[in-house]
Structure formats: structure tokens, C-alpha cells
Amino acid sequence: MIPEDLRYTAEHEWVSGDGSGPVRVGITHFAQDALGDIVFVQLPDEGAKVAAGDSLGEIESTKSVSEIYAPISGTVVSKNASLVDEPELINAEPYAAGWLVEIAPDDPSAVAGLLDAAGYQALTES
């Protein structure tokens, strides 16, 4: 359940894209599984500046409320409006319809500095 074509953070976010344009961000299958049934998502507005490692929103589940952290610094160019009415998409399709935001990176090379699939798998197994 760890797609090879994505990059990952130690906080269980994934990034799709190489940084040459906006990248799509979501939470991993591991994270959504740990959270349980997701009932609400708070995401930043389009145009918001985010800094790598800082909170960019919250996910509320039946178990807890968890921060979502920006995997890279940049500007939010879109957010997944479907999650307002269907936050459970994150549970059903964390790597597809359950994406969270798209960010235009300040530094395109920052994506390459994130974990690859093997590195993320090692993290989740430790």
C-alpha cells in the first residue's frame, strides 16, 4: 500500500509530482488507517503560503484530531473541495480521490529531499 511513484514525510504525508509544477499532497494509507473513520477536514485556502513542517490543516476522526503538516514550502493553489461533504474519501482512496491540497513549491528540488517508498516503508516498520 505504498505507491512507488510518490515521495513521503515522516509525518505520513505523500507528495505526487517532481516539483517542476504544483504537487498534490495527501495522507498515506498508514495514516488514515491509524486515524480511523475521518469525519471532518480543515484545509488552507487557495493562495495561502505554507512552510515545510508547519501545520496546514487538521483531520478529525472518530478517534482524534490530527494536524496535517506541509511537506514542502510553497503556495496552496487548490484544495480538494469534495472533502467538505465527503471527508471519508480519505479513508476510501487516500492516494486518489482523497488528496488534500496542491502546492506550488518555493523550491522545486525540495520534493527530491523527501522519503522514497522504500524509506517510508522502513519508517512504518520500525
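**Salt bridges, sheets and cores**

I start with K49, which is exposed, at a relative accessible area of 58%. By exposed I mean over 50% relative accessible area; buried is under 20%, and partly exposed is in between, with a 1.4 Å probe and protein chains only.

Some ground rules. What you see is a predicted model, where local features need pLDDT of at least 70 and side-chain atom pairs count only at pLDDT 80 or more, while totals for chains, interfaces and linings use all residues. Residues are numbered from 1 along each chain as its sequence is written, and side-chain values use heavy atoms, with hydrogens and water left out.

Back to K49. What does D106 form with K49? A salt bridge, with the closest N and O atoms 3.1 Å apart. The two sit in distant parts of the chain, 57 residues apart: D106 in the loop between β9 and α4 (117-125), K49 in strand β5. D106 counts as partly exposed, at 48% relative accessibility. When I say strand or helix, I mean DSSP runs numbered from the N terminus: helices are H or I with at least four residues, strands are E with at least two.

There are three salt bridges in the structure. The criterion is a side-chain nitrogen of Lys or Arg within 4 Å of a carboxyl oxygen of Asp or Glu. Another of them joins the side chains of R24 and E102, at 2.8 Å from N to O. Because R24 is in strand β3 and E102 in strand β9, this pair ties together parts that are 78 residues apart in sequence. R24 is partly exposed, with a relative accessible area of 31%. There is also D45 with K79, whose side chains meet at 3.1 Å, N to O. D45 belongs to the loop between β4 and β5 and K79 to strand β8 (residues 74-79), so parts 34 residues apart in sequence are tied together. Here D45 is exposed, at 53%, and K79 is partly exposed, at 30%.

Now the sheets. Strands count as paired if DSSP finds at least two bridges between them.

β4 and β6 share four bridges, and β6 and β7 share five. A hairpin of three residues connects β6 to β7. E58 in β6 stands opposite Q42, and its bridge partner in β7 is E67.

V39 is also in β4. It counts as partly exposed because its relative accessibility is 44%. Beyond its neighbours within four places in sequence, V39 contacts E60, S61, T62 and P87, contact meaning heavy atoms within 4.5 Å.

Next, the interior. A nonpolar core here is a set of buried Ala, Val, Leu, Ile, Met, Phe, Trp, Tyr and Cys residues joined through side-chain atoms within 4.5 Å. Which members of the largest core touch the most other members? Out of 24 residues, they are I27, V41, I59, I90, L100, V101 and I103. Elements that each supply at least two residues include β3 (23-27), α1 (29-35) and β9 (101-105). β3 gives the most, with three. Apart from this core lies another, of six residues, among them Y8, W14, W99 and Y120.

Last, Q32, in helix α1. Is Q32 buried or exposed? It is buried, because its relative accessibility is 6%. Its side chain makes polar contacts with the side chains of H29, at 3.0 Å, and N91, at 2.8 Å. A polar contact is a pair of N or O atoms within 3.5 Å; within protein, one must be able to donate a hydrogen and the other to accept it, and residues adjacent in sequence count only if both atoms are side-chain atoms.
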